[in-house]
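Visitor: I would like to learn how to read a protein model feature by feature. Could we take one feature at a time, with the general idea before the case?

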Amino acid sequence: MSIEAASSFQRLNRRELLRTAAALSFTPFLNAGNNDPHRPRYHFLPVQNWMNDPNGLIYWKGQYHLFYQYNPNGAFWGTMHWGHAVSPDMIHWKHLPIALAPTPGGYDKDGVFSGCAVIWNGKPTIVYTATLPETQCLATSEDMITWKKYQGNPVIAGPPPGLKVAAFRDPCVWREGEDWMMAIGSGIEGGGGAVLLYQSKELTHWNYLHPLLLGELANDGPIWECPSFFKLGGKHVLLVSLDKQSKVMWMTGSYKDRKFIPEKRGILDEGGYYYAPQTMLDAAGRRVIFGWLPEGRTKESQKDAGWCGVQAIPRILTLRSDNSLGYAPIEGITKLRGKLATWRNIDVAGETQKILSGVHGDSLEIMVELEPDAAEFGVRLRASPDGAEETLVIVDQPGKRVNIDRRKSSLSETTDRDVKGSLFDDGGKAMRLRVLLDRSVVEVFANDSACVTSRIYPSKADSLGFDLFARGGGVRVKSLSVWEMRSIWS
């Protein structure tokens, strides 16, 4: 990921749950000795300092490995290394030593940028971008802990001769028959984003073939970062991160003569806080996606906190019947569920009605099923008793849209405020809403057909309220379940 993209994100960047007749208390846990009220408890992040793109996702010898862009020198972008963590289930993580660091005076002295991991000749192998200039390099390991950089680096010393590009980074490597293939994020000077395609018999020598796909400057931006290309169902999928728009575009289509022909496209997450994703196959052969959630507060606030950047809960990708993408949190998240409160057939009549008086929490999972209706339905999160702070998740059923409204999320002037959302598909059936609230993280899933992710930073200690509301008529809630969520570090 580029310096420009990272910088653009800088400004984008407990105590009880309800009574069903009697109060049900949910006490929040602190994150491994950290009492920062904004630090997530069940999303992955380093102990301290800056984190951005997920890198090198791979399942190896019964364990999932997550590498990530990391600055060990502070909670700000710069001096990029590869951080490393391992997990048996993609939920509970153990921190491991830094995998890759810049070599002083070497080809990657200015940063070890994003890339991927594969098994090559029986060895775990990292393929990454070195900078500056941007070149592609290898590192290998016997044990996934100690890494040795290839003596012949870089294996691709720059973009194809005669092709003027605006970027050349973030390799995605896969096996195709007897060949290795590599997609590199790029952009054609004066044109739009591009993904360049390379072929190799061995990872040490590469031949440029042609663009896997070229974008249009007006619609797709000047640079495509962090490409991810894979087969899903009966189609191929290409994901690219739009450098100047801070969004991730997905495309489904066909792959012929080693060229991708997109047939349908959309934005992966319209919340404005999901970027630079990478995918992998899990132990069951399902396609899992990880994504970086940047902060939504000032650089100064990030440095004061001492940490910056979170990984989203891994999501299972599926191909829907209309060839769009479907996504849902991995099932392992249910391991974190604690105390449960449930309701059925709740009539929500208006904006100010206190349906769930006494419900509180800053680290919850919420699942709602609604009757198809002509009214708007909402979930009020992190609300203060005086109404000064609140975050609203709003389902516009007639418009088939789900929004996160952060205009009153915080009284602090250091945080971002807006309303962002996405269209969803209800298929003419009951609406299903799933909300993952983890202190400063809000991830919303609507019918497994839309995701909206955001960051919030309430300033009041009592901004813990939770409730339901409706607009434009009454809404029947068929079922509501709320779980306290445990820390992944406890």
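Visitor: What does the side chain of S454 make a polar contact with?

Guide: A polar contact is a pair of N or O atoms within 3.5 Å, where within protein one must be able to donate a hydrogen and the other to accept it, and where residues adjacent in sequence count only if both atoms are side-chain atoms. Here the side chain of S454 makes such a contact with the side chain of R406, at 3.2 Å. Please keep in mind that this is a predicted model, in which local features need pLDDT of at least 70 and side-chain atom pairs count only at pLDDT 80 or more, while totals for chains, interfaces and linings use all residues. Residues are numbered from 1 along each chain as its sequence is written, and side-chain values use heavy atoms, with hydrogens and water left out.

Visitor: Is S454 buried or exposed, and which residues does it touch?

Guide: Buried means under 20% relative accessible area, exposed means over 50%, and partly exposed lies in between, using a 1.4 Å probe and protein chains only. S454 has a relative accessible area of 3%, so it counts as buried. Contact means heavy atoms within 4.5 Å, and, leaving out residues up to four places away in sequence, S454 touches Y273, I404, R406, S440, V441 and V442.

Visitor: Where is S454 found?

Guide: Helices (H or I, at least four residues) and strands (E, at least two) are DSSP runs, numbered from the N terminus. S454 is found in strand β33, which covers residues 450–455.

Visitor: Which strands does β3 pair with?

Guide: Two strands pair if DSSP finds at least two bridges between them. Strand β3, residues 49–60, pairs with strand β4, residues 63–71, in the antiparallel sense over 7 bridges, and P54 stands opposite Y68 in β4. With strand β21, residues 307–308, β3 pairs in the parallel sense over 2 bridges, and there N49 stands opposite W307. The strands β3 and β4 form a hairpin with 2 residues between them, and K61 in the turn has a positive phi of about 50°.

Visitor: How many residues of β3 are buried?

Guide: In a regular strand the side chains alternate between the two faces of the sheet. As for β3, it is mostly covered, with 11 of its 12 residues buried.

Visitor: How should I read a pocket, and what volume does the largest pocket have?

Guide: On a 1 Å grid over the protein atoms alone, a pocket is an open set of points with protein on both sides within 12 Å along at least five of seven lines, whereas a cavity is a set of points where a 1.4 Å probe fits but cannot get out; lining residues have an atom within 4 Å of a point. Grid points are joined across faces, edges and corners, and a volume is the space filled by probe spheres set on the points. The largest pocket has a volume of about 670 Å³, and of the 34 residues that line it, the closest to its centre are V173, W174, T279, M280 and R287. Strand β11 gives the most to this lining, with 7 residues.

Visitor: How does the lining of the largest pocket divide by class?

Guide: Ala, Val, Leu, Ile, Met, Phe, Trp, Tyr, Cys and Pro count as nonpolar, Asp, Glu, Lys and Arg as charged, and the others, Gly among them, as polar. The lining of the largest pocket has 22 nonpolar, 7 polar and 5 charged residues.

Visitor: What is the volume of the largest cavity?

Guide: The largest cavity has a volume of about 70 Å³, and of its 13 lining residues, the closest to its centre are F44, M90, W93, A312 and P314. Its lining has 11 nonpolar, 2 polar and no charged residues.

Visitor: Which residues are joined by a cis peptide bond?

Guide: The angle to read is omega, which is about -10° for the cis peptide bond that joins T131 and L132 and about 5° for the cis peptide bond that joins L132 and P133. L132 lies in the loop between β8, residues 123–130, and β9, residues 135–141, and P133 is found in that loop too.

Visitor: What is the phi of D170?

Guide: Phi of D170 is near 65°, a positive value in a residue other than glycine. D170 lies in strand β11 and, at 3% relative accessibility, counts as buried.
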